[in-house]
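Colleague: Before I start using this model, can you walk me through the labels on it? I'd like to hear what stands behind each one.

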Amino acid sequence: MTDAAIPVCASADLVDGGDGVRFPVGTRDGQTTAFVVRFQGLVRGYLNRCAHVGVELDWDPGKFFDRSGLYLMCATHGAIYAPESGRCAGGPCRGQGLRVVTVEERDGQVWFVPDPSTFAPPSVRPII
Ligand code: FES
């Protein structure tokens, strides 16, 4: 088990191409949210911040995928991102991507693994 990992949700909460789960994180710019989704069987984590303007992506909490279930989509102007990498796949993100947040899945649980740039906000205590 990785030191200081923080539980996000149960593995069963993430369906392939389905709703994601948001969770709070701290960054050098202050507290914000990140999210996890499942795509092609694997859990992916990103900062919930569009590369275009910097707003949250989801059009309703946890709604990150477009209708096809193949891309993550920003609700504001429709930028789309590849779920497996966070790279811009079309729209106003223009070659920029989502910031990856380190996550792990084990023992039926999804975990956020803090690092120096994306860490636990003060209100969340890591499990060591
Ligand atoms: S803010 Fe996301 S596409 Fe413009």
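**Labels and the values behind them**

Modeller: Let's begin with a pair of strands: S2 and S3 (residues 30–39) run antiparallel, joined by 7 bridges. Keep in mind that this is a predicted model, where local features need pLDDT of at least 70, side-chain atom pairs count only at pLDDT 80 or more, and totals for chains, interfaces and linings use all residues. Residues are numbered from 1 along each chain as its sequence is written, and side-chain values use heavy atoms, with hydrogens and water left out.

Colleague: What makes S2 and S3 a pair?

Modeller: Two strands pair if DSSP finds at least two bridges between them, and S2 and S3 have 7, so they qualify as a pair. Val25, for instance, has Thr32 in S3 as its bridge partner. The two strands form a hairpin, with 2 residues between them.

Colleague: And how do you know what counts as a strand in the protein?

Modeller: Strands (E, at least two residues) and helices (H or I, at least four) are DSSP runs, numbered from the N terminus. On that basis the protein has 9 strands and 0 helices, so the elements read β-β-β-β-β-β-β-β-β from the N terminus on.

Colleague: Why is strand S2 called largely enclosed?

Modeller: Because 5 of the 7 residues of strand S2 (residues 21–27) are buried. Buried means under 20% relative accessible area, exposed means over 50%, and partly exposed is in between (1.4 Å probe, protein chains only). Over the protein, buried residues make up 43% of the 128 residues.

Colleague: Is Arg106 buried or exposed?

Modeller: Arg106 has 18% relative accessibility, so it counts as buried. Arg106 lies in strand S8 (residues 103–106), and its side chain makes a polar contact of 3.0 Å with the side chain of Glu104.

Colleague: What makes that a polar contact?

Modeller: The term takes a pair of N or O atoms within 3.5 Å; within protein, one must be able to donate a hydrogen and the other to accept it, and residues adjacent in sequence count only if both atoms are side-chain atoms. Arg106 and Glu104 come in at 3.0 Å, so the distance meets the cut-off.

Colleague: Why is the link between Arg22 and Asp58 called a salt bridge?

Modeller: A salt bridge needs a side-chain nitrogen of Lys or Arg within 4 Å of a carboxyl oxygen of Asp or Glu. For Arg22 and Asp58 the closest N and O atoms are 2.8 Å apart, so the pair passes. Arg22 sits in strand S2 and Asp58 in the loop between strand S4 (42–47) and strand S5 (72–73), so the pair ties together parts that are 36 residues apart in sequence. Arg22 is partly exposed at 30% relative accessible area, whereas Asp58 is buried at 11%.

Colleague: How many salt bridges does the structure hold?

Modeller: The structure holds 6. Another one of them joins the side chains of Arg49 and Asp29, at 3.8 Å from N to O. Arg49 is partly exposed at 25%, while Asp29 is exposed at 68%.

Colleague: Which residue forms a salt bridge with Arg38?

Modeller: Glu105 does, with the closest N and O atoms 2.7 Å apart. Glu105 in strand S8 and Arg38 in strand S3 are 67 residues apart. Glu105 is partly exposed, with a relative accessible area of 36%, and Arg38 counts as buried at 11%.

Colleague: What makes S5 and S7 edge strands?

Modeller: The open sheet has 3 strands in the order S5-S6-S7, with antiparallel pairing. S5 and strand S7 (88–90) each pair on one side only, and that makes them the edge strands. Strand S6 (residues 80–81) pairs with S7 over 2 bridges, and Tyr81 has Cys88 in S7 as its bridge partner.

Colleague: Last one: how do you know that the protein agrees with a compact globule?

Modeller: The radius of gyration is taken over C-alpha atoms, and the globule rule is 2.2 Å times the number of residues to the power 0.38. With 128 residues the rule gives a value near 14 Å, and the protein has 14 Å, so the two agree. Its C-alpha atoms fill a box of roughly 40 × 30 × 25 Å along the principal axes.
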